[in-house]
Amino acid sequence: MTPLADDIDRGTPASLAERTVSLVVDGTRVEVPEGTSIMRAASMAGFQVPKLCATDSLQSFGSCRLCLVEIDGRPGTPASCTTPVLQGMIVRTQTERLKKLRRGVMELYISDHPLDCLTCAANGDCELQDMAGAVGLRDVRYGYNGENHLADTKDESNPYFTYDPAKCIVCSRCVRACEEVQGTFALTIGGRGFESRVAASADVPFLESECVSCGACVQACPTATLIEKTVIEIGTPERSIQTTCAYCGVGCTFNAEMRGDEVVRMTPSKSGKANSGHSCIKGRFAWGYAQHKDRILKPMLRASIDDPWQEVTWDEAIAHTASEFKRIQAKYGRTSVGGITSSRCTNEETFLVQKMVRAAFGNNNVDTCARVCHSPTGYGLKTTFGTSAGTQDFVSVEKADVIVVIGANPTDGHPVFASRMKKRLREGAKLIVIDPRRIDLVHMPHVDADYHLALSPGTNVAVLTAMAHVIVTEGLTNEAFIRERCEADAYEEWKAFVADPSHSPEATEAATGVPAASVRGAARLYARPGNSAIFYGLGVTEHSQGTTAVMAIANLAMVTGNIGREGVGVNPLRGQNNVQGSCDMGSFPHELSGYRHISDAPTRALFEAAWGVHLDDEPGLRIPNMLDAAVDGHFKGLYVQGEDIAQSDPDTKHVVGGLKAMECVVVQDLFLNETANYAHVFLPGSTFLEKDGTFTNAERRIQRVRKTMAPKNGYADWEITLLLSKALGFEMPYTHPSEIMREVAALTPTFAGVTYEKLDALGSIQWPCNDAAPEGTPVMHRAAFARGKGLFVLTEYVATDEKVGPRFPLLLTTGRILSQYNVGAQTRRTANSLWHQEDRLEIHPHDAEQRGITEGSWVKLASRAGATTLRALLTDRVAPGVVYTTFHHPDTQANVVTSDYSDWATNCPEYKVTAVQVSPSNGPTQWQVEYEAHSEKSRHIRHAEAVPAE
Ligand code: SF4
Ligand code: SF4
Ligand code: SF4
Ligand code: FES
């Protein structure tokens with residue numbers, strides 16, 4: 001495969017120096033930044049110096065001695081990877097002496113290497129093989145019968161890659177990748193001299209080690225020692241298509257490497273601005289779900305949710321669905337139906353669903369799964385700053401001096417960004433973690449939080465306001481910034497509010513559980529001169545005061561002037577790949593694309609003219625309102641694209657009650673998910689590998705998704721929405737997603753300059769992208785806030801109504817883990833399940849002992865909403881009084897327990913605080929038994945070929 005231009009390995013990392021030096025390499029003059037290695041300078045001049053231990057994602061190491069060069073006026077043959085350029089240097093890389101020396105080095109390597117190139121899985125994609133060719137090695141003088149490692153045993157424990165020590169050249173690239181790129185420090189070179197070999201943790205199999213399967217070592221390995229199992233099974237790739245990961249909001253760029261129509265592997269692209277060549281286990285390895293046997297590839301219908309599914313043709317499915325929606329609207333009214341867009345689908349697909357709902361259904365009953373995660377971010381940041389989005393790009397963290405992580409667990413939820421953050425922390429940045437649970441960042445190799453404020457769940461606002469109290473009362477405010485950039489009256493009012501003694505750390509300590517001295521210390525650290533950046537997640541938003549907490553974070557950034565430049569800012573870490581995009585595209589019932597209110601007549605007129613329809617000026621129903629209305633009998637039909645509300649939304653019994661009350665539930669997804677158990681129409685969806693489009697990551701970065709193969713189900717998701725809309729009587733004549741983006745750009749000022757051509761040329765674009773910022777905006781609010789002046793908002797702490805008491809004395813909080821993703825529909829259908837076969841309930845040993853609960857025993861987890869059973873995991877990661885679980889497995893039914901309390905402004909559910917009791921279990925609850933029985937029945941499919949001919 002020819003490498004993409006930006007994927008050429010120049011041997012050592014780029015120097016960021018501004019001053020340049022000029023030198024001559026093999027007769028060619030080249031000008032490079034000061035601090036560049038000779039190896040990199042030579043590469044930039046067009047000469048690739050042979051190398052083995054060097055690669056440009058890692059600092060130079062200088063161990064293989066293959067990259068020797070000659071320098072005029074210097075004795076010897078220094079290694080070009082470790083020698084920096086100097087002004088006026090004259091370098092030769094290809095003399096006869098150098099060639100001879102390099103051949104000698106290669107002879108030694110090859111004499112202890114299997115001679116099976118022709119049958120090796122890496123044949124044609126191996127740097128050792130390439131280098132042997134490059135140095136002209138024809139024979140080995142020492143023979144092949146000396147002492148060697150050829151009989152060493154392979155480690156095949158990891159499901160995704162093998163380690164074959166017989167092929168190892170002990171270049172340490174894997175060890176350094178694990179340290180420098182991933183920051184896990186799982187590998188070492190054990191033994192000395194001839195005995196040297198790579199060891200995972202304390203020399204245990206990879207699967208049992210601390211390795212998190214990010215793939216960085218595999219990527220770095222120049223031989224077939226560490227190699228993807230799919231390459232061994234399928235063969236070396238023949239071509240590569242650049243696309244974007246479909247998992248989390250980091251938005252890593254990958255090269256889908258193909259052989260024929262089959263994906264061989266996904267390798268992270270160095271040109272990806274969000275990931276700079278790094279990956280995590282999900283994007284790198286967990287893409288096999290796309291071919292999983294559970295995938296539904298034919299449309300299906302059924303009259304009742306108790307019937308088996310019946311496979312039908314696409315024509316039948318679409319005609320039936322359209323006639324059902326029309327029937328329901330004729331009988332129950334225009335507003336009796338709605339749709340849910342997906343944060344897993346592309347921007348273009350999301351735009352189409354909301355357009356279909358508004359134009360074809362004729363109402364604004366459209367919402368998105370962002371409702372249940374980051375809707376408070378939208379409301380909170382729009383109110384304070386004027387834009388519903390994070391303020392920075394990821395690379396900005398490399399300039400942060402103090403990093404605050406609140407209610408987020410980046411090493412599990414946003415692993416590639418976490419690696420970037422950990423690198424900055426290893427360089428000396430300070431860290432404040434605000435989280436009820438001791439997340440990994442609090443203490444891990446070479447990273448220790450300066451403060452861990454282990455607050456009681458539900459008290460973010462009290463802690464954040466107490467930090468503001470310290471900043472204001474101790475004179476740590478940035479008055480010059482505030483005077484110039486913020487609304488003065490609101491600031492004065494806010495200042496008096498937070499200065500009130502009732503908001504001091506001492507006054508709030510009893511409620512938050514955080515020692516006042518720690519809050520004071522953290523506030524002083526955040527407010528000190530330099531760059532302080534805040535990163536937050538669903539542990540901030542998924543509360544009854546989620547929006548208030550977002551605004552409290554924005555207040556902290558404004559009062560200290562930590563906004564509007566690199567290294568600072570307010571950064572929501574988005575859960576799913578396209579949460580930002582689905583919000584941008586107008587998925588909320590009250591907003592058209594670009595966050596413009598549906599009641600705004602000029603905006604509506606713009607869309608009405610473009611679409612040729614009349615738009616309702618009243619906001620439609622949010623997801624919880626749709627379900628309430630269904631239970632009340634007013635809402636009867638729902639089109640759900642790529643979301644599983646029966647598993648992911650809170651208070652499962654209520655969700656199921658709402659779904660059961662509807663007459664036509666249409667689920668469009670890859671698999672028969674939990675919501676499909678209550679659906680009447682199933683439209684098979686397509687994977688990200690099967691379509692074109694764009695995703696927008698947590699940095700507002702719009703990136704291309706490129707089709708690598710035809711949709712196995714027959715249609716990409718956007719095409720299915722087109723078919724349905726046409727059948728409903730509203731035709732949308734697009735032939736390619738680029739045309740949809742053209743329409744988005746024409747109708748949305750922040751996207752005005754976005755085109756597929758520009759995306760292809762630049763790689764990605766961070767909105768706003770318009771005449772003022774034709775190539776996008778990495779850092780927002782530089783000279784002024786999007787709303788003009790920043791607005792301080794009062795953040796009175798109001799304790800949630802979800803209170804502990806004698807019946808429910810513990811607080812449950814929920815989260816996710818590295819190997820699984822959201823409801824697990826994709827990752828559970830990959831080998832990732834090896835790391836997380838079930839959701840467990842984390843409980844402090846003290847609470848467990850009081851209840852007679854032992855490690856691994858089954859427990860009943862009960863709240864006011866319902867009860868479920870799962871197994872216990874005893875750990876002091878959680879404080880006494882707090883329990884924690886994930887919700888990746890449907891059997892866990894974690895959301896049977898969560899309540900219907902929600903954020904006051906946006907209805908984002910309060911997933912993070914549920915009063916519960918935990919007790920030894922007597923077996924599954926009645927609800928679980930009935931639910932599972934229905935699910936089992938609901939998976940029966942009558943295949944088309946089994947239907948007797950009429
Ligand atoms: S896969 Fe990642 S975590 Fe595991 S050893 Fe390799 S670099 Fe380290
Ligand atoms: S496993 Fe690969 S990267 Fe690691 S030391 Fe061996 S050859 Fe080098
Ligand atoms: S960090 Fe997120 S976007 Fe990147 S590979 Fe992992 S799941 Fe995909
Ligand atoms: S590449 Fe320079 S010493 Fe190995």
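Is Asp56 buried or exposed? Asp56 counts as buried, with a relative accessibility of 13%. Keep in mind that you're looking at a predicted model.

**Salt bridges**

- The count for this model comes to 53 salt bridges.
- Asp56 pairs up with Lys270, and their closest N and O atoms sit 2.9 Å apart. That pair links distant parts of the chain, 214 residues apart: Lys270 is in the loop between strand S11 and H7, while Asp56 is in the loop between helix H1 and strand S3.
- Lys293 and Asp294 make another pair, with 3.3 Å between the closest N and O atoms. Here Lys293 is exposed at 72% relative accessibility, and Asp294 is partly exposed at 30%.
- Arg344 bridges to Asp669, with the closest N and O atoms 3.9 Å apart. Arg344 sits in the loop between strand S14 and helix H9 and Asp669 in strand S26, so this pair ties together parts 325 residues apart in sequence. Both Arg344 and Asp669 are buried.
- Asp125, Glu228, Glu257, Arg265 and Arg284 are joined into one network by salt bridges that share partners.

**Around ligand 3**

- The residues surrounding ligand 3 include Cys245, Cys248, Cys252 and Cys280, along with Tyr247, Phe254 and Lys282.
- Helices H7 (281–285) and H12 (415–426) are the elements that each give two or more residues to this shell.
- Sorted by type, the shell has 9 nonpolar residues, 2 polar ones and 1 charged one.

Key:
Residues are numbered from 1 along each chain as its sequence is written. Chains are lettered from A and ligands numbered from 1 in the order in which they are written. This is a predicted model: local features need pLDDT of at least 70, side-chain atom pairs count only at pLDDT 80 or more; totals for chains, interfaces and linings use all residues. Side-chain values use heavy atoms; hydrogens and water are left out. A residue is near a molecule or strand if one of its heavy atoms lies within 4 Å of it. Helices (H or I, at least four residues) and strands (E, at least two) are DSSP runs, numbered from the N terminus. Ala, Val, Leu, Ile, Met, Phe, Trp, Tyr, Cys and Pro count as nonpolar, Asp, Glu, Lys and Arg as charged, and the others, Gly among them, as polar. A salt bridge is a side-chain nitrogen of Lys or Arg within 4 Å of a carboxyl oxygen of Asp or Glu. Buried means under 20% relative accessible area, exposed over 50%, partly exposed in between (1.4 Å probe, protein chains only).
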